[in-house]
Every structure is written in structure tokens, then in C-alpha cells.
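Here are a few friendly notes to read alongside the coordinates.

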Amino acid sequence: MKLTKDQVKHVAKLANLPLTAEEEKRYSEQLSKILDYVEQLNRVETSSAEPTFNVTGQSNVMREDETTPSLSQEEALSNAPQKKECMFETKGVFED
Amino acid sequence: MKQMYEPIIGLEVHVELNTKSKMFCRCSADYFGKEPNTYTCPVCLGLPGALPLINKAAIEDCIKIGLALNCKISEKSLFERKNYFYPDLPKGYQISQYRWPLCINGQITLDSGQVIRINRVHQEEDTGKLSHLGGVTLIDFNRSGVPLVEIVTEPDFHDVASVRDYAKKLQQLFRYLEVSNADMERGDMRLEANISVHPIAIASKASPWRLPDYRVELKNINSFRFIVAAIEYEIKRQIEALEKREKLTQETRGWNEDKKCTFLQRSKEEAHDYRYFPEPDLPELRIEESRVKSLESSLPELPWDKLKRFAEEYGISKNDAQILSETKELAEFFESALEHGKKHGVSIKEVANYIVNRKPDISSVLPTQIIEELKGKKVGIIESEKELEKLAEQAVKENANAVLDYKKGKEAALQVLIGGVMKLSLGKADIAKLKPILEKLLKS
């Protein structure tokens, strides 16, 4: 299955990755090969198999509605590359 | 002949639950007005390796909302990741529900009798709060991970009055169920509308009937007034565009309250591709029939059922029944007053009229006091000048601010003092005689 350059661009945009023209070409080849490899799975007869989303076999794992102390403000912000007014700072985005 | 158009509107309502802790971690969900980034942990900050754990109370609240809206509760329900890059979510995805929502296929009946179909009621998490400051964006993650329930209707609305009625009914329901304070100004409850219009001829002639091939999404509107204004504006804008034979496209618009118009936020080209997939860190939910039954029996009498019962059982007008069932607290006050009234020969009508017309502050007045007052009226009125003087002096003492206002020339302040005397006398003071006594007292 051949991925087009536009499809690669789209995926890169969704993944928030800036790609150079050279990378777009290289990744479209590599990703196409990966898809071909995974494609082999389609040969397996699965029409009667339930899809597996979770391998633990567990269900209804829940907790009671109780609180425990949170991180301190200082701890919470300790990994922030930039902060301002006790908030994480990032490049401007429009509210939507 | 003039072409007529019919608006087609679907609504999405988001409501923040008032659970103690967040949806997937034990941080407090009571974030409003708190110091930024003081209610966070590795889970709601999206730190690597942190694992979510489902809040049982939130799931129960979501099911309660679904049941109250006549939904079918899914036997199997799954969370999924909704992937997008936006700094309000630290993980790069929101944990939400997509193909396996908790509740599906419900309905609600509006005052007009129109039935609105509910597509789904699902559980998700709220995002962090962004503020935009001089070219940069600041993030407070206190709200990140607060339980959020989304209620989605089918496109069944055709006018703004129904939209307003529906939104009001949901707000009342959330408060009756005590799952949320549903305060729009605080952002507990948010509205989104999908709007398109089509020429009516198409709907009547062409079969099968189908939806227009575009819809405009109005997002993040936090007041009933604004949603009504925004939808009205949007209907007008779209009809004008169709009249000019312009092609309308899928887009997201916001509401500008200052300019009283909607504005483009995102066009189709930028439409999101969320790549939902089942959340691998959360095992599926299996909701047993017995669990549903016990949640169903835990529901309080719903507002519309109460309204109906008040009108039928007490023979009061629908309008009065609506006022008296507005909040669960007022409804309880009313029924408790009726109980006392019965013992003292005060009729249902007298009690209902009193509450509807006088609007007593139920946080400071007891139901029994109302009955005392109504009973007192029958027994007799205080006419003795001496007694009225005593009461007036007491009221003046208790309402120092009103006295000041009156002395500054605000005559309306006298009403406050009359009210004070009425309260002290349980409504038995003769107002005609009281007025000159109060005025004399204030001038002295």
C-alpha cells in the first residue's frame, strides 16, 4: 500500500511534526513498507473474533470518590520550560 | 411566493460534575477560584507513566443523567482517546467516549409537547484553562481532568424557544439530581449548537427528507441569553446567504457579545481529525442490569414529574406548579407548608398563592411561619398603636441601613422597614396604620 506525499503531510500535521521535503519522501517510503508489513494481518480470518481492546481481561476497575493531596504548585511547575504568574507558558494560541 | 426556510438545530451540552475528586485521579475537582496549578498530579498533568483510575461516583452520575433522559444504559462501555494538539490538554489527547458511550437513545419532552431525541450521554474529562496574555498563552491545569458529561441531541430543534426551554430543563435536571451546580457563569454548564437552514419546499416535496450538506457549529457559549442571540443571528445570516445563492460550508463560529454577531473560528479545511481509539489504560465498563435498577430507584422525583403531580394532585395552575417546582428546595418547602397548613385549616390555594406571589426567602423562613402568618391573618390584625410602635422600633433597630437610606431621601427604604414589621408580626400588622407610625419614628 503506497502512501501519497499528501497523506504523509497530513499525518505529520496531525502528529505536529515539521518535516522537510526530503523527509516527506523518505517517510512515505518507510511508512508504506510498514503498512505493507502490517497488512499481512489481514490474511488472518477474524470475522468471528471479538476485537480485543484490553488484554488484562479486567472490567469495572474503579475507585471511590475520595481526594488525596495534590502536588505543590512549585512541584507541578518544576518541569515547565517557561512559566509566568504560576502558570505554564506556551506560545500563543487563539482561544477556540 | 416568498421562499420559507426551516432552521435545523442540534445541541451539545457539557456539564461539569460536582464530584469531590477528578475523573481519573484523586486531585480535588473543586478548582474554581483556586490558586493556579495547585490541584494537579502526574495523571492530570499528563506526565509519562501516570495511569488513570476511573471515579465511580462520576460514572454513576453520568448514568443517572442518562436514566433521567430516558436513555438506554449500555451494557458495555469504553473510554477512547480523542487525539489533538492544543495546550489545554497536557497528554495530547482527551479521554472521552466515542463508539461505546455510557448512555444512548434517550428523549425529553419540552413544554410545547415536542419530543427531543437524545443521541447520547457520555463521560469525559475537562481540559485545563488557558489565558492569553500579550502574545503568549498561560495554562492552569486545575480544571484538567474534572469529570465532564456531554449530552448530545439529534437535530430536532427548529426554533430558539425550544433550544432555550431544553437548556433550562437540563440545568434544572442537573440541580435536581445534585450532580452539578450547573452555573453557566462559572462554566459548570456550556452549550454548543449545530445549525443549518434549508428551504422548506425541499422538506415537503423531496423524499426522502435529508439534512443540509453543511452545518455551522457554535461553540463555547456560556449563557442562555447568548445562545439564543447567537442562534438567531446565525439563522438570519444563513438564510441571507442562501437567498444570495451563496454556498454555506461546514465551519465553527463563536459569539461576539460586543458586536452581537457570530464570527468564523475554524473552517472545514482545518476540521479536526481526532483518530479516536480505545484507551488502553482503562479496562472496559460492564454495567449490570441490577446496578442500573438501583441507580434508577435512587433518582429523585424529576422536575417535570413533580410539575405534573403538583398540577394534578393540588389542582393548582400549570404556571404556579412550574414556579413551585422550579427547584427541589422550593418544592419541598411548598409541600412541607401544605402539610402544616392542612393541620391548621389553611388551604392549598392560600399556601400556593402566598409562595408564588410573596416569594419568601426559603433559606430564612420556615414553612411553619408561613402557615402561622396565613392563620394569623384569619384571626386578626394588629391595630393597636402601642403595639405597632413597639414593632416599628424593633424593625428600625434591625434595619439600620434602610433607616440611613430613608434619611438620605430614598423613600423606597420605607418598604424594607414595613417588611421588617410584617416579619416580626408574622404578617399581622395593619399597614395603613403602621405607615404613619414608621414615618413619625424616622423623622424623630
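1. Let me begin with a residue pair: in this predicted model, Leu133(B) sits opposite Val136(B), a residue of β10(B). A second pair to look at is His132(B) with Thr137(B), its bridge partner in β10(B). Both pairs belong to the antiparallel pairing of β9(B) with β10(B) (residues 136-140), which runs over five bridges.

2. Two residues lie between β9(B) and β10(B), and Gly134(B) in the hairpin has a positive phi near 45 degrees.

3. Now step back to the sheet, which draws on both chains. Its four strands follow the order β2(A)-β3(A)-β10(B)-β9(B), with antiparallel pairing, and the sheet is open. Which strands stand at the edges? They are β2 (83-84) of chain A and β9 (129-133) of chain B; each has a single partner strand, so one side of each has no neighbour in the sheet.

4. Helix α2 of chain B (residues 160-177) passes a simple length check.

5. At its start, a side-chain oxygen of Asp159(B) comes to within 3.2 Å of the backbone nitrogen of Ala161(B). After the helix comes Glu178(B), with a positive phi near 60 degrees.

6. Is α2(B) largely enclosed or largely open? Taking buried as under 20% relative accessible area, 14 of its 18 residues are buried, so the rest of the structure largely encloses this helix.

7. In chain B, the elements that give two or more residues to its lining are α1 (56-68), β7 (103-109), α2, α6 (303-314), α7 (318-324) and α8 (328-343).

8. Finally, the make-up of that lining. There are 30 lining residues, and those nearest the centre of the pocket are Lys169(B), Gln172(B), Pro303(B), Trp304(B) and Leu307(B). By class, the lining has 11 nonpolar, eight polar and 11 charged residues.

Technical notes:
Residues numbered from 1 in each chain as written. Chains lettered and ligands numbered in written order. Predicted model: local features only at pLDDT ≥ 70, side-chain atom pairs only at ≥ 80, totals over all residues. Heavy atoms only, no water. Pairing = 2+ DSSP bridges. Buried < 20%, exposed > 50% of the residue type's maximum accessible area, 1.4 Å probe, protein only. Polar contact = N/O pair within 3.5 Å; in protein donor to acceptor, adjacent residues only side chain to side chain. 1 Å grid on protein atoms, 1.4 Å probe; cavity = no way out; pocket = protein on both sides within 12 Å on 5 of 7 lines; lining within 4 Å. Nonpolar A, V, L, I, M, F, W, Y, C, P; charged D, E, K, R; others polar.
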